[in-house]
Amino acid sequence: MAELLSYSFMRNALMAGVLVSLTCGIIGTLVVLKRMVFISGGVAHTAYGGVGLAFYLGVNPILGAVAFSLIASFLMGYVQRQTRQRQDTLIGVMWAIGMAIGIIFADMTPGYKADLMSYLFGSILAVTHTDLWMMLGVNLLVLSFVILFYKELQAVAFDESFARVRNLPVDLLYIALVAMIGLAVVMLMRVVGLIMIIALLTVPAAIGTLFLKHMKQIMWLAIALSLIFTTGGLLLSYFFNLTSGATIILIAGISYLSALLIHKSCRQCPA
Amino acid sequence: MNDIFKTSQPLVEIKNLYAGYQYEMILEDINLTIEQDDFIGLIGPNGGGKTTLLRVILGLLQPKSGSIAVMGEKPEKGRRRIGYVPQFAEYDTEFPISVRDVVRMGRLSSQRLFKPYSTEDDRLVDERLAWVGMLEYQDRAIRELSGGQRQRVYIARALTTNPALLVLDEPTISVDIEARTQIYELLHKINQEGVTIFLVTHDLNVISSYVKTIGCLNRKLHYHGEKQITDEMLQSTYGCPVDLIAHGLPHRVLAEHEGGN
């Protein structure tokens, strides 16, 4: 273990796991409770368009991903609010278009493109100092947003009509939340890759809702579980020479299935 | 309940109002005045526009034409004086939240976005919870309650806004008969404290002795500020022979009609 920590890439990776877990637990809980899993998946995949474009232009792919995921957040957030029907179709189409844009730009970019794969499947071991600072920034933003508007977010997630009748800025809060999802997505992309983001965003919170009765408790448990999944997955992948992102997700998935079984056989758990 | 808001003007005034969704008009030529201290029960079939009318009053849906004033203002402003109890289907009963946190939502508003709840808020929440008889359940999760208990929590939340008008959408749906009576007793008590009540339901049985005036809504509104439903009102609302419905109704709300027993 001490030997592991002597590698700077390992220290960075473990640090990234901590930072990612904070946002993941908090935003993931809101995503699960407000039933925004699909829109989160859409934002995540659209971000790939930004990665491809950034590669083509020769700028930092993170910038492209941030730009695309924020634009996707606003577009999908708007579609979700305005259109009465076929929201899922529209979001699904944007999801695919984003991916397609990324792939086409990658085709047009000359040279070695293996790096593009790391955004699809994640590479927590390649996290740089710059990445860590970016993750810290996203964490501060997410934390201050949720702490400042906790009671309003809870009200909007629970009963939107009532929140509206109380004249809360429901649409603004919703769009802000989707933007936070967009930022969380960019951050998680480094760790598990955008294809598997939905799982890390939702599984910890989903396990929480099985056993806990308050949103705040679920957030805390989700943070702890994300930390266990990322760290555990990282160590396993290191010792068995596996892809880190997939290992993390598999641990999360197996934990979720086990939690479902335990919940089924437990009489005291909330229904 | 001395924090209740008072006003001298009609609480809601609707004139020649039409409303609906993209291709379909749901409400036609609605005229309605809700006076102070009234207890209005509005009945009508499913799809007759009851919820749509509530959404217009709450400023959640813009009318196509006609005028509406809530406390003399636009619904978007006047609605801060309305305590809203949504329909069972509107919220997520599995949502992890405690009774107390639900009731505290009544203290939220756009003016106090960055302020935490105050001790004054907590006092009011205690008082309203005690009022509906749910104080001892304040730490329970919403999903651990029965339908009737849950409904009383939502009534407490609406009362925590210190409303002039309490608006309820199908308050007794998915509630057993005993709890139904309790809810009506509670609404009666609230009304006597000076809160005007406006409720809609498709369940003819719930129109009980507690209601002061009755209306029928099926696209068009039949409301005369009285406590009697005439044959014509039922005929035009439900479009079926009155006798079929009459047996489900307490007799006192029905006008004498020929052929009845």
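Select L57(A) to start: you'll find this residue in helix α3 of chain A (helices are DSSP runs of H or I, at least four residues, numbered from the N terminus). With 55% relative accessibility, L57(A) counts as exposed (exposed means over 50% relative accessible area, buried under 20%, partly exposed in between, with a 1.4 Å probe and protein chains only).

Before you click on: this is a predicted model, where local features need pLDDT of at least 70 and side-chain atom pairs count only at pLDDT 80 or more, while totals for chains, interfaces and linings use all residues. Residues are numbered from 1 along each chain as its sequence is written, chains are lettered from A and ligands numbered from 1 in the order in which they are written, and side-chain values use heavy atoms, leaving out hydrogens and water.

Helices α3 (37-57) and α5 (87-108) of chain A each give two or more residues to the patch.

Next, pick F158(A) and F95(B). Their rings form an edge-to-face aromatic pair, 5.4 Å centre to centre with 65° between the planes (rings of Phe, Tyr and Trp, the last by its six-membered ring, pair if their centres lie within 6.5 Å; planes under 30 degrees apart count as stacked, over 60 as edge-to-face and the rest as tilted). This pair crosses between chains, from helix α8 (residues 150-158) of chain A to the loop between β5 (82-85) and α3 (99-104) of chain B.

Time for charges: select K213(A) and E144(B). Their side chains meet in a salt bridge, 2.9 Å from N to O (a side-chain nitrogen of Lys or Arg within 4 Å of a carboxyl oxygen of Asp or Glu). K213(A) sits in the loop between α11 (197-211) and α12 (215-240) of chain A and E144(B) in the loop between α4 (119-131) and α5 (147-159) of chain B, so the pair joins two chains.

Move to K50(B) and E170(B), another salt bridge, with the closest N and O atoms 3.9 Å apart. Both residues are buried.

Last stop: R104(B) and D122(B) meet in a salt bridge of 3.7 Å, N to O.
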